[in-house]
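Take a look at the model below. The report after it moves from the whole chain to single residues.

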Amino acid sequence: MHSFRMAVESRDEAAIEALLADDVVFTSPVAFKPYPGKPITAAILRGVMRVLADFRYIREITDANGRDHALVFEATVAGKKITGCDFLHVNDSGLIDDFMVMVRPLSGATTLAEAMGAQFERIQREALESVQGLDA
């Protein structure tokens, strides 16, 4: 089992963040532009944990060299069941440097977009606080 999956399933925010490369790029299922960097990616993932209920991975697919992973999940957001997939790529150090999420159905993705939109001010504040903490 991929260490990221174990961290998510145990809701260990520190372990999740520790698995992200500084230059990770997060591609959201509901936002047009990708989000580069560990602080914003970690903050987004914390926001996701706040809005998704009953989250569970149901399948894990890994390529032969162990660098690419697809983690299929099910969850509920605002009462709507969604199915999605986390596509992860790890760098030479074993840290996640590319993180893309896809979600279905469209009604669930729309509900997820609304729930995450309501979180986004907090997400941005957390990311900024993290960056400021690194600079101190």
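This is a predicted model: local features need pLDDT of at least 70, side-chain atom pairs count only at pLDDT 80 or more; totals for chains, interfaces and linings use all residues.

## Surface and charge

Residues are numbered from 1 along each chain as its sequence is written, and side-chain values use heavy atoms, with hydrogens and water left out.

Now the charges. The protein carries 14 positive and 20 negative side chains. Lys and Arg count as positive, Asp and Glu as negative, while His and the chain ends are not counted. The centres of the two sets lie 8 Å apart. Each charge is placed at NZ of Lys, CZ of Arg, CG of Asp or CD of Glu.

## Overall fold

The protein has four helices and six strands. Both are DSSP runs numbered from the N terminus: helices are H or I with at least four residues, strands are E with at least two. Along the sequence the pattern reads α-α-β-β-α-β-β-β-β-α. The radius of gyration is 14 Å, close to the 14 Å that the globule rule gives for 136 residues, so the protein is as compact as a globular protein of that length. This radius is taken over C-alpha atoms, and the rule is 2.2 Å times the number of residues to the power 0.38. Along its principal axes, the C-alpha trace spans about 40 × 40 × 30 Å.

Buried residues make up 43% of the 136 residues. Buried means under 20% relative accessible area, exposed means over 50%, and partly exposed lies in between (1.4 Å probe, protein chains only). Residues 24 or more positions apart account for 47% of them. A contact means heavy atoms within 4.5 Å.

## The sheet

In what order do the six strands sit in the open sheet? The order is β2-β1-β6-β5-β4-β3, with mixed pairing. The edge strands are β2 (35-36) and β3 (53-62), and each pairs on one side only. Two strands pair if DSSP finds at least two bridges between them.

Strand β1 (residues 20-27) runs parallel to β6, joined by four bridges. Leu-20 stands opposite Ile-96 in β6. Val-25 has Asp-98 as its bridge partner in β6. On to the antiparallel pairs. Strands β5 and β6 pair over eight bridges in the antiparallel sense. Here Gly-84 has Val-103 in β6 as its bridge partner. Seven bridges join β3 to β4, which also run antiparallel. Ala-53 stands opposite Thr-76 in β4.

Most residues other than glycine have a negative phi, and most peptide bonds are trans. Arg-11 is not a glycine, yet its phi is positive, about 55°. Arg-11 sits in the loop between α1 (3-9) and α2 (13-18). Arg-11 counts as partly exposed because its relative accessibility is 48%. Ala-78, also not a glycine, has a positive phi of about 50°. Ala-78 lies in the loop between β4 (68-77) and β5 (80-90). Its relative accessibility is 67%, so Ala-78 counts as exposed. The peptide bond from Arg-104 to Pro-105 is cis, with omega near -5°. Pro-105 is in the loop between β6 (96-104) and α4 (106-135).

## A closer look at Ile-44

Is Ile-44 buried or exposed? Ile-44 is buried, because its relative accessible area is 3%. This residue is found in helix α3 (residues 38-51).

Which residues does Ile-44 touch, not counting residues up to four places away in sequence? Ile-44 touches Phe-26, Tyr-35, Met-116, Phe-120 and Ile-123. Ile-44 and Ser-28 are 16 residues apart in sequence. In space they are 9.3 Å apart, C-alpha to C-alpha.
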